[in-house]
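Here are some notes on helix packing and cores. Please read them beside the model.

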Amino acid sequence: MKLYDLELSGNCYKVRLFCALNQIPLEICPVDYLAGEHKSTAYLALNPLGEIPLLADDGFLIRDSQAILIYLAQKYQLIQWWPQDPKQQGLVSQWLSFAANDIARGPNDARLHDLFGIELDVASARHKARSCAKILDEHLHMHHWLVGDTPTLADIACYPYMALMHQGGVRGEAYPHLTRWMNEMKHLDGFITMPGIE
C-alpha cells in the first residue's frame, strides 16, 4: 500500500500512526505540497479533491484520513479499533466526525495560521480549539479512552491536532485529563511521533 503523504500533516500522521501501531506495511510517497504537487494534473487524476492523505491499495484509491482509518481497520479485521457493535461503532463515528469538523476548524486552523501563515479568523479558531479541549477533557475525566476500555479509531482521529494545538497558540496544561490521555497515546506499543508533538 502507498500513502501519499505530507510529514507535517496531522491527517497524514493519523494513517502513519495507525499503521505503525498495527504493524501494517506502508510505502510513504511524499507529496511536495509547497510546490503544489497536490494540485498537479497527475495527482488530481488520483484524487480530484487535490487533498492528502490518499491511500492506494492495489489499484483501490481512498481519500480522507477518517475514511482511510475505517478501511484499514476493516480490511485487517482490527475490531478492537473499529468495534462491530452498532452502539460502539456509532460512538466511534461521532468522534471521527468531531475530528473532521470541530478539531479541523479549531486547533488545526489555528496551527495553519500560526505555523504556515494561512489567512483565516485565528481568534475564532483558537476559541474553537479551547472548546474542543474542554469537551475532550470533560469526557476523559469520566472515560479512560474516548470509547470503551481500549483505544479505538476515535483516539487516533482526535489525537494529532490536539497534540499539536500548542502550535496554534493553545496550551494543554489547563486540561489535565486531556493531557493524561495524550501522554497515554505516546506509550502505546509501536507509537511513532511527528514534528511538533512534544
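1. Basis. This is a predicted model: local features need pLDDT of at least 70, side-chain atom pairs count only at pLDDT 80 or more, and totals for chains, interfaces and linings use all residues. Residues are numbered from 1 along each chain as its sequence is written, and side-chain values use heavy atoms, with hydrogens and water left out.

2. Ala 129. This residue sits in helix α5, residues 122–142 (helices are DSSP runs of H or I, at least four residues, numbered from the N terminus). Ala 129 is buried, at 1% relative accessible area (buried is under 20%, exposed over 50%, with a 1.4 Å probe and protein chains only). Beyond four places in sequence, Ala 129 is in contact with Gly 106, Pro 107, Met 162 and Val 170 (contact: heavy atoms within 4.5 Å).

3. Buried residues of α5 include Val 122, Ala 125, Cys 132 and Leu 136. The face turned away carries exposed Ala 123, His 127, His 141 and Met 142.

4. Partners. The buried residues of α5 pack against α4 (86–116), α6 (153–163) and α7 (176–186).

5. Cores. The largest nonpolar core has 52 residues (buried Ala, Val, Leu, Ile, Met, Phe, Trp, Tyr and Cys joined through side-chain atoms within 4.5 Å). Its largest share, nine residues, comes from α6. A second, separate core has eight residues, including Cys 29 and Tyr 43.

Definitions and conventions:
Helix = DSSP H or I, 4+ residues; strand = E, 2+ residues; numbered from the N terminus.
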